[in-house]
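Visitor: I'd like to go through this one label by label. Can you show me what sits behind each word?

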Amino acid sequence: MSGTKDKAKGLANEAIGNVKQGVGKVTGNDKLRAEGKGQELKGEAQQVKGDVKDAVKDSVKKP
């Protein structure tokens, strides 16, 4: 999987996580809020993974 795909999946997970947190907060559902926070953190990690892949790919290309 390329870095770009990881970044895109990360952004999607962050967005979904934020929505879940918002819905959980409005409805008073602490479980949903916690699930949303976990998904948001997963998304952030996926974006970092994508950045690392891109950095490695770029450094291999340079002589």
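Visitor: What makes Glu 14 count as buried or exposed?

Guide: Keep in mind that this is a predicted model. Glu 14 has a relative accessible area of 17%. Buried means under 20%, so Glu 14 is called buried.

Visitor: Where is Glu 14, and what does Glu 14 touch?

Guide: Glu 14 belongs to helix α1. Leaving out residues up to four places away in sequence, Glu 14 touches Gln 39, Glu 40, Gly 43, Glu 44 and Gln 47.

Visitor: Let's take Gln 39 from that list, then. How do you know whether Gln 39 is buried or exposed?

Guide: By the number again: Gln 39 has 16% relative accessibility. The cut-off for buried is under 20%, so Gln 39 counts as buried. Gln 39 is found in helix α2.

Visitor: How far apart are Glu 14 and Gln 39, in sequence and in space?

Guide: They are 25 residues apart in sequence and 6.4 Å apart in space, C-alpha to C-alpha.

Visitor: Which residues of α1 are buried, and what covers them?

Guide: The buried ones are Gly 3, Asp 6, Gly 10, Asn 13, Glu 14, Gly 17 and Gly 24. Their cover includes α2, residues 30-61.

Visitor: Which residues are buried in α2?

Guide: In α2 the buried set is Gly 36, Gln 39, Glu 40, Gly 43, Gln 46, Gln 47, Gly 50 and Asp 54. These buried residues pack against α1. As for spacing, an α-helix has 3.6 residues a turn, so residues three or four places apart point the same way.

Visitor: What makes Lys 5 count as buried or exposed?

Guide: Lys 5 lies in helix α1, and its relative accessibility is 53%. Exposed means over 50%, so Lys 5 counts as exposed.

Visitor: And what is Glu 35 called?

Guide: Glu 35, in helix α2, has 40% relative accessibility.

Visitor: How do you know how the reach of α1 compares with what is expected?

Guide: Helix α1 runs over residues 3-27, which makes 25 residues. From first C-alpha to last, α1 reaches 36 Å, close to the 36 Å expected at 1.5 Å a residue. Within α1, Lys 5 and Val 26 are 21 residues apart in sequence and 32 Å apart in space, C-alpha to C-alpha.

Visitor: What about the reach of α2?

Guide: α2 has 32 residues and reaches 47 Å between its first and last C-alpha, close to the 46 Å expected at 1.5 Å a residue. Glu 35 and Ser 59 are 24 residues apart in sequence, and 36 Å separates their C-alpha atoms.

Visitor: Which residue follows α1?

Guide: Gly 28 does, and its phi is positive, near 75°.

How values were computed. Residues numbered from 1 in each chain as written. Predicted model: local features only at pLDDT ≥ 70, side-chain atom pairs only at ≥ 80, totals over all residues. Heavy atoms only, no water. Helix = DSSP H or I, 4+ residues; strand = E, 2+ residues; numbered from the N terminus. Expected span 1.5 Å × (residues − 1). Buried < 20%, exposed > 50% of the residue type's maximum accessible area, 1.4 Å probe, protein only. Contact = heavy atoms within 4.5 Å.
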